Amino acid sequence: MAHGIIYNHLDLPQVLVVRPPDSFSLYQSQYSHKFHFLKAWESPVPLDQFLSTNARNVQALLSCGRFPINVDLLRLLPSLRLVVTPSAGLNHIDLSECHSRGVAVANAGSVACCDVADLAVGLFIDVLRKISAADRYVMQGLWASKTSYPLGSKLKGKRIGIVGLGSIGQEVAKRLEAFGCSISYNSRNQKKSFSYPFYSNVVELSANSDALVICCGLSDQTHRLINKEVLLALGKEGVLINVGRGAIIDEKEMVQCLVQGDIGGAGLDVFENEPNVPKELFALDNVVLSPHRGAFTPETLTSMREIAVGNLEAFFSNKPLLSQVIDD
């Protein structure tokens with residue numbers, strides 16, 4: 001019920017939901033008068049059977065980042081014309097397959113870029129100044145029994161190498177410049193509107209940086225882009241920050257470099273096989289871990305939800321999408 005009117009779901013546009021995105025209950029409570037959500041995960045029958053029976057005429061799909069939108073799924077949805085994901089990341093969606101089938105894709109755009117940048121900077125400061133490790137030191141009662149605690153490192157003057165100078169990378173650069181850091185970057189293309197030094201080779205960027213901040217998306221080109229050569233170029237005092245995707249880094253090589261002291265530390269919000277995190281990292285005081293929360297604040301979740309719903313409303317009203325992804 002909404003505004004005193006009882007709606008028959010048969011009269012509402014259908015939106016397929018294979019797996020629920022974060023806060024899906026709010027989609028239902030706030031928008032069930034606008035859309036009939038087909039909740040595939042609630043069905044006891046196998047997914048392919050459910051889709052063949054209930055979703056052959058579905059034109060719109062609301063995605064979450066944990067379920068792949070690939071050719072196997074798309075071939076079961078012959079009428080599909082729109083995939084909406086409330087996230088900025090697109091690595092779970094086969095964009096070329098969607099394009100070839102005439103399926104538009106819309107995401108959250110840059111709505112989360114400030115939150116992700118905030119966390120990247122927070123992780124960096126935490127690693128440099130040993131905040132989380134110092135907290136454990138005090139909480140465990142060690143301050144009274146030991147005479148000194150290892151010194152942290154100064155933030156001002158650090159050379160920051162940003163991998164991916166998109167909306168998130170630009171916000172990271174803005175924040176760290178304010179702390180007195182110098183910025184260089186690697187990206188798919190040189191950004192003529194920025195005067196930061198550009199490195200087409202990420203190994204060279206790493207060799208000329210005190211910290212690498214990974215802000216790019218995951219693609220075939222960036223999969224394990226941060227390999228052993230890049231990590232060794234960063235050096236024994238270098239810090240690695242990742243708020244992109246876990247598989248951009250060769251995780252096994254990173255763990256080995258951290259355990260052996262080949263790099264100075266890491267702040268990680270993303271991992272290759274989430275929620276599984278390499279256990280070797282748990283014992284390291286120079287590593288700060290976060291459970292992929294970069295984009296998730298109450299304010300941004302609300303904005304993501306509003307953009308997702310706005311895209312659905314635009315689609316069913318034959319209006320331009322608010323944040324269509326252009327597959328380049």
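At what angle do the axes of helix α5 and helix α7 cross? Roughly 50° is the answer, and the legends below take it from there.

This is a predicted model, in which local features need pLDDT of at least 70 and side-chain atom pairs count only at pLDDT 80 or more, while totals for chains, interfaces and linings use all residues. Residues are numbered from 1 along each chain as its sequence is written, and side-chain values use heavy atoms, with hydrogens and water left out.

**View 1. Helix α5 meets helix α7.** Here α5 (residues 113-129) and α7 (residues 167-178) have axes that come within 8 Å. Axes are lines fitted to C-alpha atoms, for helices over the stretch in contact, and angles run from 0 to 180 degrees between N-to-C directions. Helices (H or I, at least four residues) and strands (E, at least two) are DSSP runs, numbered from the N terminus. The pair α5 and α7 is therefore oblique; angles under 35 degrees count as roughly parallel, over 145 as roughly antiparallel, 65 to 115 as roughly perpendicular and the rest as oblique. Look for Val116, Val121 and Phe124 of α5, which are among the residues making the contact, along with Ile168 and Leu176 of α7. Contact means heavy atoms within 4.5 Å.

**View 2. Helix α1 packs against helix α11.** The axes of α1 (residues 24-31) and α11 (residues 298-316) lie 11 Å apart, at an angle of about 55°. That makes this pair, α1 and α11, oblique too. On the α1 side you can find Leu26, Tyr27, Gln30 and Tyr31, which meet Met304, Arg305, Glu306, Ala308 and Val309 in α11. By class, this contact of α1 with α11 has six nonpolar, one polar and two charged residues. Ala, Val, Leu, Ile, Met, Phe, Trp, Tyr, Cys and Pro count as nonpolar, Asp, Glu, Lys and Arg as charged, and the others, Gly among them, as polar.

View 3. You will find proline 275 in the loop between β10 (265-268) and β11 (287-289).

**View 4. Arginine 224 has a positive phi.** Its phi is about 55°, although arginine 224 is not a glycine. The loop that holds arginine 224 runs between β8 (211-214) and α9 (228-234).
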